Amino acid sequence: YNSNEQRDILIIGGGPAGYVAGIKASQLGMKVTVVEKRGKLGGTCVHDGCIPSKVLLHSSHLFDEAKSKFGKFGITGADQLQANVVDMVKNKNETVSDLADDIEVLFEKNRVDYVSGQATIISPTKVKIISNDNGEETIINTKHIIIATGSEITSVPGIEIDEKQIISSDSALNLQSIPKRLVIIGGGLIGLEVGSIWSRLGSQTTIIERTRIGGGSDNEMATHLRGLLESQNNMTFHVQTQATRVSKNEDGSVTVHVESIGEKGLNGSIEADIVLVAVGRRAFTRGLGLEKLGIVMDERGSIKVDANFCTNVESIFAIGDVIRGPMIAHRAQEEGIAVVEHLHSGATHKYGSIPLVIYTHPELAIVGLSEEHAKMMSISYKVGTFPLHANSLARATHQSNGLVKILADATSDKIIGVHIISDHASELIGQGVLAIQNGITTKDISRDTEI
Ligand code: FAD
């Protein structure tokens with residue numbers, strides 16, 4: 001475009017929320033510009049999140065499977081295998097870089113205007129961009145603005161991340177050697193995933209968690225997963241325990257001071273070489289100029305939006321990690337499509353069943369309600385569980401530690417929650433998503449004719 005030409009939509013942030021919204025808008029014939037300050041498209045997901053963690057999880061999984069399982073299947077010699085972390089990280093970087101480039105190709109194909117620079121909103125219909133290339137300032141007029149600026153790392157009071165010994169997930173996905181002792185503060189999705197990478201490669205990994213592991217997942221499933229992870233090498237958990245402070249020692253190690261906040265908690269200290277702080281992320285809105293515009297945020301700093309992602313300023317919308325809700329890439333992408341379809345034709349987009357996966361091994365995949373949620377919502381339900389120990393294929397492949405749990409509404413029989421711990425749970429959960437989205441009942445699944 002000519003830089004003076006008015007846009008239909010200007011999107012700030014080129015992560016999963018912003019780049020999907022940009023492509024959709026262009027496909028629907030709207031004039032759209034995406035501004036990204038990082039110098040590369042893809043956001044946290046491609047550069048510091050989903051993708052790097054999945055590549056390293058795969059490397060470490062291959063290594064661990066070879067070491068721990070090959071022998072059982074009559075393949076010998078695996079005990080000689082070495083983990084070369086520098087090469088693992090290099091391979092990860094190549095995948096990240098390829099995927100980021102692919103998004104640029106998608107932008108070109110779909111004729112999305114992409115500006116590499118820092119955006120600030122100066123009025124409900126004007127955005128100032130400082131170019132990464134030459135520092136020049138441009139003002140763009142636009143009918144609508146979509147904020148898709150994502151999230152940033154947080155820490156706990158008293159513990160400062162220095163990205164050397166006290167690190168965030170960004171550095172944990174770029175370590176150049178295997179820490180002997182790794183302490184992870186936070187047993188949610190990111191702590192468990194990143195912990196799995198390093199424990200499989202040999203780090204003695206201790207996870208400290210205030211409540212219980214697995215975030216908001218079903219209690220029974222979280223307990224089952226914890227048991228499985230504890231039975232693997234190198235993983236120890238201290239729940240009902242909080243880290244209060246980390247002190248640095250002369251020999252280069254660190255001491256993590258912890259205190260018990262429940263019956264099962266630990267009081268004392270744990271020695272480590274590296275401490276990973278994985279206590280969650282918060283919306284990133286710095287430098288956008290939101291205060292001047294009076295954009296309303298909630299007590300956690302997330303931008304408040306209505307059902308169609310509109311903020312309290314009529315022309316300004318927000319999607320992805322920067323608004324309240326599960327901070328996961330596929331939700332951000334779905335919202336990218338929803339908001340653009342709304343701006344294009346007034347459509348409203350309902351998505352009630354967002355799956356969530358914790359990429360441990362086995363994986364925990366979830367869609368819909370947990371038992372605790374169903375109780376909280378006063379929904380009467382019935383439950384079916386199936387241990388993978390009773391599944392012959394799982395037994396044949398030595399993957400029989402899993403558990404499947406399905407919740408259905410007691411009155412309508414419609415499936416309301418699916419929870420799977422198994423190898424490839426991330427792929428199996430798609431069936432649960434379809435079932436919930438389409439109001440499938442347990443009878444629909446178990447038989448196709450009534451007896
Ligand atoms: P982001 O991806 O954070 O993108 C926002 C972009 O906006 C950034 O690139 C930023 O540079 C840019 N920006 C900010 N301010 C400005 C400005 N003023 N001007 C211009 N540009 C700006 N999700 C999953 O679904 N599956 C997973 O397996 C998964 N694994 C994860 C593992 C880890 C270790 C982490 C940290 C996250 C993981 N996630 C996963 C979460 C996922 O990465 C996020 O939910 C997703 O990236 C959010 O997308 P977004 O577009 O809202 O924000």
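Colleague: Is Ile190 buried or exposed?

Modeller: Please keep in mind that this is a predicted model, in which local features need pLDDT of at least 70 and side-chain atom pairs count only at pLDDT 80 or more, while totals for chains, interfaces and linings use all residues. Residues are numbered from 1 along each chain as its sequence is written. As a general idea, a residue is buried if 20 or more other C-beta atoms, placed from the backbone, lie within 10 Å of its own, exposed if 12 or fewer, and partly exposed in between. Ile190 is buried, because 25 other C-beta atoms lie within 10 Å. Ile190 belongs to helix α6 (residues 189-200), where helices are DSSP runs of H or I with at least four residues and strands are runs of E with at least two, numbered from the N terminus.

Colleague: What is Ile190 in contact with, leaving aside its neighbours within four places in sequence?

Modeller: Two residues are in contact if their C-beta atoms, placed from the backbone, lie within 7 Å. On that basis Ile190 is in contact with Ser169 and Ala278.

Colleague: Which residues does UniProt list for "binding site"?

Modeller: Such annotations may be inferred rather than shown by experiment; the positions follow the numbering used here, and feature names are shortened. The unreviewed UniProt entry lists Gly186, Gly187, Gly188, Leu189, Ile190, Gly191, Leu192, Glu193, Glu209 and Gly280. Although these are spread over 95 residues of sequence, they cluster in space, with a largest C-alpha distance of 14.2 Å.

Colleague: Where is Glu209 found, and why does it count as buried?

Modeller: Glu209 is found in the loop between β9 (204-208) and α7 (219-231), and it counts as buried because it has 26 C-beta neighbours inside 10 Å. Not counting residues up to four places away in sequence, Glu209 touches Gly186, Gly187, Phe237, Val239 and Thr241.

Colleague: At what angle do α3 and α6 pack?

Modeller: Axes are lines fitted to C-alpha atoms, for helices over the stretch in contact, and angles run from 0 to 180 degrees between N-to-C directions. Helices α3 and α6 pack at about 35 degrees, their axes being 8 Å apart. On the α6 side the contact includes Glu193, Val194 and Arg200, and on the α3 side Ser53, Leu56 and Asp64 are among the residues involved.
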